[in-house]
Amino acid sequence: MTPNRTYLFVPGTEERKTDKALASAADALILDLEDAVAISEKARARDMVRSRLADVAPERQVYVRVNDIETGLTAEDIRAVCTGGLAGIILPKVEAAETVRTVSTLIDRAERSEGLAPGQIRLNAIIETGRGIARAVDIATAGGRLEALMFGAADYTADLGIPTSNIGPHITHGKIATVVASRAGGLAAPVDTVFFDVTDAEGLAADCREAKALGFAGKAVIHPNQIDATNAAFTPSPSEVEAARHLVSAFREAEARGLGAVTVNGKLVDYAMLKVAEKTLALAR
């Protein structure tokens, strides 16, 4: 499956915003039952999200962010929204492997109850606390339905007791830990945190470039005006595609001559670089 470049967050109670989001160029939507919904509105939000999922086009990737396991609301959220139009569950504030396994079991039961195909509903876990980062590899190797990790900077900085930001060594550390854990667990490439300032186009572009360079496949966004720039950042550019095509061709010619490495544009290229180039071409296709 082609990685989603953009995941647009939408409050589960906002019908107008959901309509606009479904018509947007975001690769995936996240209907939110957690931070964007007041406690008094949780039950209504579940009903609204379930109703909306029934009308989602089959090709549209729609996820739901449920409430974290410590709230006691997760099981009820999952029972409510695991229906035919759901692509996956986004699980916030994950701090232990056991949480992944518990929620995977809840999704198993919900799928059976709804008569859905086994394995239809995916699971992404957000790593967004100090404990979550410290246990990222354990979480990534928990098994169950876990498909990918996401990094969340807002709760991470709050947990560290420092001002919310998208930059700084603490943010870079959290991102690297999330990427490394994803590889250790054999998961899909992770999804980067949202960029908080929706008016800072240059800052968003720089943040996307860094995330891509660190190994993220896409990014969560909080406003439609962030979609195009994020999609562009995580799509191989024509020059990247051409460079990758040239590298693969040169390496294959060298390989046919019995060589395991070749110099391309003054740089030594071996099988590791070949793998990256082939991944770029696959993503471009």
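1. The largest pocket has a volume of about 1,200 Å³. The model is a predicted one, in which local features need pLDDT of at least 70, side-chain atom pairs count only at pLDDT 80 or more, and totals for chains, interfaces and linings use all residues. Residues are numbered from 1 along each chain as its sequence is written, and side-chain values use heavy atoms, with hydrogens and water left out. A pocket here is an open set of points on a 1 Å grid over the protein atoms alone, where a 1.4 Å probe fits, with protein on both sides within 12 Å along at least five of seven lines. Grid points are joined across faces, edges and corners, and the volume is the space filled by probe spheres set on the points.

2. Which residues lie nearest the centre of the largest pocket? They are K275, V276, K279, T280 and L283, out of 41 lining residues; a lining residue has an atom within 4 Å of a point. Two or more lining residues come from each of strand 6 (146–151), helix 8 (169–184), helix 11 (238–256), strand 10 (267–269) and helix 12 (271–284). Helix 12 gives the largest share, eight residues. Helices (H or I, at least four residues) and strands (E, at least two) are DSSP runs, numbered from the N terminus.

3. The largest nonpolar core holds 58 residues, and V64, I78, V81, I89 and L149 have the most contacts inside it. Helix 4 (residues 97–114) supplies the largest share of this core, six residues. A second, separate core has 13 residues, among them V248, V262, V264 and V269. A nonpolar core is a set of buried Ala, Val, Leu, Ile, Met, Phe, Trp, Tyr and Cys residues joined through side-chain atoms within 4.5 Å. Buried means under 20% relative accessible area, exposed over 50%, and partly exposed in between (1.4 Å probe, protein chains only).

4. Leaving out residues up to four places away in sequence, L149 touches A125, I127, I139, A140, T178, A181, S182, L187, P190 and V191. Contact means heavy atoms within 4.5 Å.

5. Helix 3 (residues 74–81) has T74, D77, I78, A80 and V81 buried. Viewed down the helix axis, these buried residues fall within an arc of 165 degrees, so they line one face of helix 3. The arc is that of the directions from the helix axis to the C-beta atoms. The packing partners of the buried residues of helix 3 are helix 2 (42–53), strand 3 (61–65), strand 4 (88–91) and helix 4.

6. A search of the whole structure gives three aromatic pairs. For F151 and Y156, the ring centres are 5.5 Å apart and the planes stand at 70 degrees, so this pair is edge-to-face. Rings of Phe, Tyr and Trp (its six-membered ring) pair if their centres lie within 6.5 Å; planes under 30 degrees apart count as stacked, over 60 as edge-to-face and the rest as tilted. Both F151 and Y156 are buried.

7. K93 sits in the loop between strand 4 and helix 4 and is partly exposed, at 23% relative accessible area. N265, also not a glycine, has a positive phi near 50 degrees. N265 belongs to the loop between strand 9 (262–264) and strand 10, and is exposed, with a relative accessible area of 70%.

8. A220 lies in strand 8 (residues 218–221) and is buried at 4% relative accessibility. Neighbours within four places in sequence aside, A220 is in contact with Y7, F9, V191, D192, T193, V194 and F195. A220 and A26 are 194 residues apart in sequence, and their C-alpha atoms are 9.7 Å apart.

9. T141 is in the loop between helix 6 (136–140) and strand 6 and counts as partly exposed at 46% relative accessibility. Residues up to four places away in sequence not counted, T141 touches A184 and G185. From T141 to R257, 116 residues apart in sequence, the C-alpha to C-alpha distance is 40 Å.

10. S40, in the loop between strand 2 (28–32) and helix 2, is exposed at 66% relative accessibility.
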